[in-house]
Amino acid sequence: MSRWKFVGRTDELNRLLSAVTGTEGRGLFYSGNAGIGKSRLLREGVAALPTDRYAIWSIAASATTAALPFGGLVQVLPAEQPQGLSPAGILRWALDVLQQQAAGRRIVLAIDDAHLLDPPSAALVHLVARAENATVIGTLRNGEQIPLPIRALWTDDLVENAELSPMAPAETAGLLAAILGGPVDAGSADRLGRLSAGNPLLLRELVHAASGSEELTRTYGIWKWTGRLELAPNLTDLIDIRIGQLTPGVRAVVELVAFGEPLGLQLLNQAVDPTDVEVAEERGLISVIQHDRRTNVRLAHPLYGEVMRRRCPVSRTRRLQAHLAELLERVGKRRRDDLLRVAVWRLDSGTAQDAALLLDAAVQAFSRYDVPLATRLARAALEAGGGFDAAELLATILMFADRPEEAIEVLDAVSPGSADSRRLSRWLTVRGMVTYWGLSQESTVEEIAARAGDLADSADQARVRAFEAIMRLHRLDTATALRLSQGVLDRPAASIAARELARCTIAYLQAAQGQLRRSGTAVNQVHSEAARWRADMPYLQLALELARGTRLTLAGDLAGIDAIVADEFADLAGAGDFRLGTGYLAILQAYAARLRGQSDAALRTSLGACAVLATSRVYAGLAQAERAQAAALRGDAAQAAEAMAEADRTQAPGMAVLYPWLEQARGAALAAAGDLPGAVKQLTELVDRLRADDFAGHEVHVLHDLVRLDQATTPVGPTCSDGSRRSVAQRLSELSERVDGVLPPLLARHARAAVAGSAADLLTVADDFAALDLNLYAAEATATALHRLRRERPAAANEARERLAALLNRCDLIRTPALRAGAPVLTEREWQVARLAAEGATSKAIADRLYLSARTVENHLQRIYAKLGVTSRAELRAALRAIPGHEGGDAS
Ligand SMILES: Nc1ncnc2c1ncn2[C@@H]1O[C@H](COP(=O)(O)OP(=O)(O)OP(=O)(O)O)[C@@H](O)[C@H]1O
Ligand SMILES: [Mg+2]
């Protein structure tokens, strides 16, 4: 009764196949209850695809692989992963590997039980789904927690999600015949079909339970069931009974597989009697799968594992895990993942004594940013006698898990004497990091500066100096930060990690000062050395991200931001595990969404960043500032003000270097509240401060904010020798020659066009903004132009109105002062819908009349309401009449 033919499910199978072979490129996930037939359907679908056209990978996630980073994809990735890559690097590498092996064919990833994917695997799946030439299909069991990147597959419209319903009665009858290998009497088929409620696994277990008894008999070739079950039995109960009846030998096989799948067949055969393995396979409890050059054993159905693990008492579970660890150690760890598997089994079974093994595994888990697992492993390493190295690692991980107090405790227990220069240097830096960023103790800087001098070794000294420098940068002691970093770079003895950390400090400063090109070169340099610093200082990635993110935001390089957000999706996927990384990238993403005019996404993403960073003292203020900006963009003054109050409450003094973002957001919040004089005062003072700090990279943006508030002619800065002061527009022109990139000259042109009041120039500027995807600025410049045209050349206003409408169509609800100054604009289609709606037609009626779907009409209406700032059809009528050029008129 191991495998019978596939029955029914024709429509479902076709739907799955056309998801892959169709032109849309959108994948398909089937969800449904346990045993309903999802896995089988997926398998049949995959088997039906021609391998000359599709490069297909089948992945079966399971409870045991879910515990390991990339555990779900062991079947897909080559055994040897390159060392020293960041999680993003691993993702990129993995995608490259798939592309290479696909050799031009379309990639198909088939993922069974995708809810059980570990976060990095889930992130990779998401990355693959976004590739042009790939389709992802899979299954999900109902009622299970789904990893974020997988859920994002359908919110990002990369896959469709369909429910797999129970089998129809005719299908269950056919399935019964297939299981029993012969026709079944109609009444029996009907009763069994109803009892199983169309669930094939339940049907199979029912038959299994009845077979061999007198209830199930065959007469003249026809099967008949005379059982008297009235209530449908519980699926797990049936499995439970079946497993309870296994011989001890077969049971041992199923148990080992339940805790260790996928297990190599060879390894399993060493642990148990091979005939028992065969019996277990015959009974359909396990399946043996050939993969690459390995033969793996898995459970035939995940429910067997669930029942098995639940039945297993704690003491026995631990013995089994210890046994598995021994087995794997004995045959030799072959894959990089085997180290982690052994370590986790050792941990879970309470037999973790090998400090070196645990420490190795902790480093590996941390370098994949699996913070919870890394914490457990490092703590175990420390407890197993791992000493200083284990303490250093554990403290570092704790710091990134927002547990600074515990980190200090761990460090203080291993405080080294000054004789050991290397240890002292490492101890000082980690402890410094915890107290400075974790506990907001600014005096840290002076403390570690004072002790750095005691270190005998030049390399050890350089390490401490590099930390001192980045701390000084954060608290705005920029001149010293620069001098110290330069000093580290000049020291031949300095380690790669110390050197690259110093380079990050410099790169950040260069970006803030507007030297974006040099900053970019430095960032690339740090990035290219990653393999040489990652193991020593994995958290250097954060300093790198900060420098890179600052440069990209200041350059207005939205595509660049998209690229790193996509790259680092692994961190996002960590669902809050590596929060600083996740949170910071979310802030960048919100910024990009905001400048694109996607206010919904900007607000949602920045709120997400606030949530992830709520307990951290590092970027919480920055996240709140971005939230204030997003709220202000939507004209939500109350939320903007509330976010600013939160920003002030959470902003740590040790993060003073971020002040430009906070103060800029404060200006936006004031403007949103209608306090224009307050906003202008706030922003002009900020311009002065940025000028004094030499942060020209920031200054151009704040000056441009003033232009957006119609202040291009407002004087800023000191009085010049001729007794006058420069205007915003003049200062922008001046800076556009000093600050790198295409943006500053464009901002300066915007200012000059505003001063000149030239609609034509404003429209060209808007085009250039739009080409950079800066829809918000493009829409504002167009609105200003339109405003002028309406007054001066009404005949020429139409075209500008259409352009504005098209731009606003790319945006969600946006309500900035510059946009509010002009009148609302609708596309032709929206006008048609709006007029019909204003006349009182229902969405359905409008849909019929205009040959649209009701949903499209609803979408149009929502946008119309947002643009006009109305909430009902009654208001709509009045608002439409108030728009020049469209008074009255009918909907034709
Ligand atoms: N259409 C079908 N024809 C023949 N056998 C089927 C069919 N659908 C399911 N089965 C069999 O029924 C059993 C349960 O199906 P399957 O493993 O696909 O369930 P599932 O929905 O994946 O359950 P879970 O959520 O627990 O993973 C399997 O043995 C499978 O081979
Ligand atoms: Mg399944």
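Two strands pair when DSSP finds at least two bridges between them, and the strands themselves are DSSP runs (E, at least two residues), as helices are (H or I, at least four), all numbered from the N terminus. Keep in mind that this is a predicted model, where local features need pLDDT of at least 70, side-chain atom pairs count only at pLDDT 80 or more, and totals for chains, interfaces and linings use all residues. Residues are numbered from 1 along each chain as its sequence is written, and side-chain values use heavy atoms, with hydrogens and water left out.

Let's begin at strand β3, residues 106-112. With strand β4 (residues 134-141), β3 pairs in parallel over five bridges, and V108 stands opposite T135 in β4. Strand β2 (residues 54-60) also runs parallel to β3, joined by seven bridges; here Y54 has R106 as its bridge partner. Six of the seven residues of β3 are buried, so the strand is largely enclosed by the rest of the structure. Buried means under 20% relative accessible area (1.4 Å probe, protein chains only).

Now for the nonpolar cores: sets of buried Ala, Val, Leu, Ile, Met, Phe, Trp, Tyr and Cys residues joined through side-chain atoms within 4.5 Å. The largest has 221 residues, and L268, L377, W437, Y619 and F769 have the most contacts inside it. Helix α24 (residues 496-512) gives the most to this core, with 11 residues. A second, separate core has 37 residues, including F70, W93, V97 and I150.

Definitions and conventions
Chains lettered and ligands numbered in written order. Buried < 20%, exposed > 50% of the residue type's maximum accessible area, 1.4 Å probe, protein only.
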